[in-house]
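Have the model open as you read.

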Amino acid sequence: MLYSVKMRSSLGGVHGEGGRHISGAERIVSEEKLDEEILSMVHRAKEHDRGEADFIQVKVEKVKPSDISYCPLIDFYQIDTKTKEEGRKAAKQELLRSGVSLTAVEKGFFLLDSLTDSMRGAMVLDAVTGERLDGRDCRGVRCSNMDIEDAVSYEREMTAAGHGGDHAREAMVLASKVANAKGTVAELCWSDDPHYVTGYVGSKRFGYGRIMVMKDYGDPVGGRIFFVTPGTDMEAYENYLQNQVVLVRMK
Ligand code: AMP
């Protein structure tokens, strides 16, 4: 039997009730790994660069095997950039070649640059017009209920490729679920961790393009955008991203 373990933490109270979001994490693990995973999540929440959380919530739920679906891990590649400007330029090129229009790319960057604090989720934009479709203001759409199917093989392979560790795995898993969602054209992301300047562009066609520098060191504002084909059924799209349990399978 598998269990879903989710953690969220904040500082100064519960997030949304006066507290500031610090971190969140989720795994889908076997019964034997459950205790270890809960402890490791609590430690991560306490040691986060955004601050030491004073509110930590851990939720554990059984996952029925019949509720699980599978999607392939997208390929990994890297673009070496040294400055934010170089990184943004590379990200724009990756989005354009994935099929996002110039108008939508520019709108996306404008929206992310206008943020003064990080959102909890992602903005969803029409990949042609750049119109924002999720209507969820600063909450955005949260992608949840996913993990890598075989964490041991994954970590072995990705560490060898220079992309090991929790942060990288979570991003690869999320990007794979998003890239395989019906409607997604591409994704753009950079972190809200002030000490993590790396971001990525993800798509089913080209994979996960890690872009080494995408923002200034020390900047605590990050963001994500999912670009979708015009006419995407937003209710089905959000439902898949938020609720469908997906295990990401290595090829
Ligand atoms: P992170 O890579 O965790 O630092 O997150 C960067 C940004 O992506 C955050 O500021 C959020 O706007 C967004 N984000 C983080 N986690 C999720 C998620 N599970 N689903 C959708 N968007 C997310």
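This is a predicted model: local features need pLDDT of at least 70, side-chain atom pairs count only at pLDDT 80 or more; totals for chains, interfaces and linings use all residues.

Residues are numbered from 1 along each chain as its sequence is written, and side-chain values use heavy atoms, leaving out hydrogens and water.

Start with the open sheet: six strands in the order β5-β10-β9-β8-β11-β6, with mixed pairing. Strands here are DSSP runs of E, at least two residues, and helices are runs of H or I, at least four, numbered from the N terminus; two strands pair if DSSP finds at least two bridges between them. At the edges sit β5 (76–79) and β6 (123–126), each pairing on one side only. β6 runs parallel to β11 (residues 223–228), joined by four bridges, and L125 has F227 in β11 as its bridge partner.

Now for the helices. The axes of α2 (residues 84–98) and α3 (residues 102–113) come within 10 Å and cross at roughly 140°, on a scale from 0 to 180 degrees between N-to-C directions, with axes fitted to C-alpha atoms over the stretch in contact. That makes α2 oblique to α3 (under 35 degrees is roughly parallel, over 145 roughly antiparallel, 65 to 115 roughly perpendicular, and the rest oblique). On the α2 side, R88, A91, K92, L95 and L96 meet L102, V105, F109 and D113 of α3, where contact means heavy atoms within 4.5 Å.

The axes of α4 (residues 151–160) and α5 (residues 166–179) come within 11 Å and cross at roughly 105°, so these two are roughly perpendicular to each other. Y154, E155 and M158 of α4 make the contact with A168, R169 and M172 of α5.
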